[in-house]
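Biologist: I would like a close look at one part of this model. Please start there and then place it in its surroundings.

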Amino acid sequence: MFDLLKRYWKVLNSPSVHFSLAFLTLGGFVAGVIFWGGFNTALEATNTEKFCISCHEMRDNVFAELKSTIHYSNRSGVRATCPDCHVPHEWTDKIARKMQASKEVWGKIFGTIRTRDKFVEKRLELAQHEWARLKANNSLECRNCHSAESMDITRQSPRAVEAHEKFLFTGEKTCIDCHKGIAHHLPDMSGVPEWQ
Amino acid sequence: MKMTPKWLMALAIIAIAGAAYAAEPITTLRSTAPDQESPAPRISNFEDTDQKRPRNYPEQPPTIPHDIEGYQIDKNANKCLSCHARSRTGESGAPMVSITHFMDRDGQFLAAVSPRRYFCTQCHVSQRQVEPLVGNSFVDIDALLPNNSTRIAE
């Protein structure tokens with residue numbers, strides 16, 4: 001085994017006999033571009049709503065629920081797609097989330113939420129993961145669109161003004177603390193703090 | 001059949017009534033014939049002023065002075081109670097659910113809102129600025145009582 005490794009190391013360590021330096025440099029560069037481009041293209045392909053709802057688990061449950069909410073249908077026609085809220089936009093965070101998502105691939109393969117009943121049963125746990133994630137990053141995915149600086153509270157309802165002044169601008173709470181269940185239905189909330 | 005004055009009179013009354021009836025078009029809530037699709041009325045927004053509205057009579061369930069679009073009230077969750085529940089009013093500043101809502105139907109007080117009072121929008125509704133389709137001649141009791149008392153005094 002060690003001998004084998006040693007042999008390969010010798011091959012890698014010795015200068016090329018048949019290929020020119022220019023070929024190896026440029027070839028390596030081109031191969032790198034192709035690999036990196038391919039990687040990012042594949043990454044972006046998995047970061048689309050079309051990809052998410054290609055599975056019935058998403059299409060029939062959470063996506064169906066999203067459709068009647070303001071994040072899908074509204075007066076100006078601007079809408080949020082799945083990854084806008086559920087995948088971080090920064091590259092490193094995105095990769096971290098995508099690595100976590102390998103667990104979701106596992107779930108897909110073994111049908112963890114294959115039926116409506118299974119999904120409903122697991123729903124609270126899944127929701128709690130998302131709440132915890134948004135709580136930890138100070139509702140970053142909300143703030144990608146809804147920034148506190150650009151929020152004109154004079155154009156909000158009196159109730160919203162009071163709540164935002166008291167909790168949002170002071171940093172006492174973050175978006176997800178109050179705005180749960182705005183894009184999907186809530187799971188059974190018994191036992192969740194601040195809910196009945 | 002003999003045309004007696006009585007018969008002539010009856011015919012005349014029917015004719016006059018029929019003419020009066022035909023002259024005035026029948027008003028219905030429908031703007032087109034029943035077998036045709038009528039244009040849908042415009043949807044207006046919820047009144048969202050956060051201003052308490054006085055009740056029209058003492059037993060009236062107070063109307064909701066804010067937008068409740070998308071509020072989930074089902075066996076899983078009650079969005080209203082996330083502000084109006086007793087334990088939540090400190091933070092939210094919302095009025096607490098009335099104590100009568102803690103009573104079960106035998107008049108026993110429970111620790112939290114009674115299941116029979118759980119579905120808020122069964123009685124409490126938000127309001128929209130719309131023209132009523134049907135008129136209403138409701139008179140407030142305060143407007144009614146002075147009249148009564150003056151009549152009695154007379």
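Which residue takes a positive phi just after α7(A)?

Modeller: The residue is A:G111, with a phi of about 65°. First, the ground rules. This is a predicted model: local features need pLDDT of at least 70, side-chain atom pairs count only at pLDDT 80 or more, and totals for chains, interfaces and linings use all residues. Residues are numbered from 1 along each chain as its sequence is written, while chains are lettered from A and ligands numbered from 1 in the order in which they are written.

Helix α7 of chain A covers residues 102-110. Helices are DSSP runs of H or I with at least four residues, strands are runs of E with at least two, and both are numbered from the N terminus. Of the nine residues of α7, zero are buried, so the helix lies largely in the open. Buried means 20 or more other C-beta atoms within 10 Å of a residue's own; exposed means 12 or fewer; partly exposed falls in between; C-beta atoms are placed from the backbone.

A:S139 also has a positive phi, about 55°, although it is not a glycine. A:S139 sits in the loop between α8 (116-136) and α9 (140-143) of chain A. With 20 other C-beta atoms within 10 Å, A:S139 is buried.

Next, a proline. A:P88 belongs to the loop between α5 (82-86) and α6 (91-100) of chain A. It has 18 C-beta neighbours inside 10 Å, so A:P88 counts as partly exposed. Beyond its neighbours within four places in sequence, A:P88 is in contact (C-beta atoms, placed from the backbone, within 7 Å) with A:D93, A:K94, A:R97, A:L140 and A:E141. A:K98 is 10 residues away along the chain from A:P88, and their C-alpha atoms are 9.5 Å apart.

Step back to the whole of chain A. It has 11 helices and zero strands. Its radius of gyration, taken over C-alpha atoms, is 24 Å, well over the 16 Å that the globule rule gives for 196 residues, so chain A is more spread out than a compact globule. The globule rule is 2.2 Å times the number of residues to the power 0.38. Along the principal axes, the C-alpha atoms of chain A fill a box of roughly 75 × 40 × 35 Å. Of its 196 residues, 9% count as buried. Among contacts in chain A with a separation of 6 or more, 56% join residues 24 or more positions apart.

Chain B comes to four helices and zero strands. Of its 154 residues, 7% count as buried. B:D50 is in the loop between α1 (5-23) and α2 (81-84) of chain B. Its phi is near 65°, a positive value in a residue other than glycine. B:D50 is partly exposed, with 14 other C-beta atoms within 10 Å. B:P54 lies in the loop between α1 and α2 of chain B. B:P54 is exposed, with 8 other C-beta atoms within 10 Å.

Finally, the chains touch. Chain B gives 16 residues to the contact and chain A gives 14 residues. The side of chain B that touches chain A has four nonpolar, eight polar and four charged residues. Here Ala, Val, Leu, Ile, Met, Phe, Trp, Tyr, Cys and Pro count as nonpolar, Asp, Glu, Lys and Arg as charged, and the others, Gly among them, as polar.

Notes
Contact = placed C-beta atoms within 7 Å.
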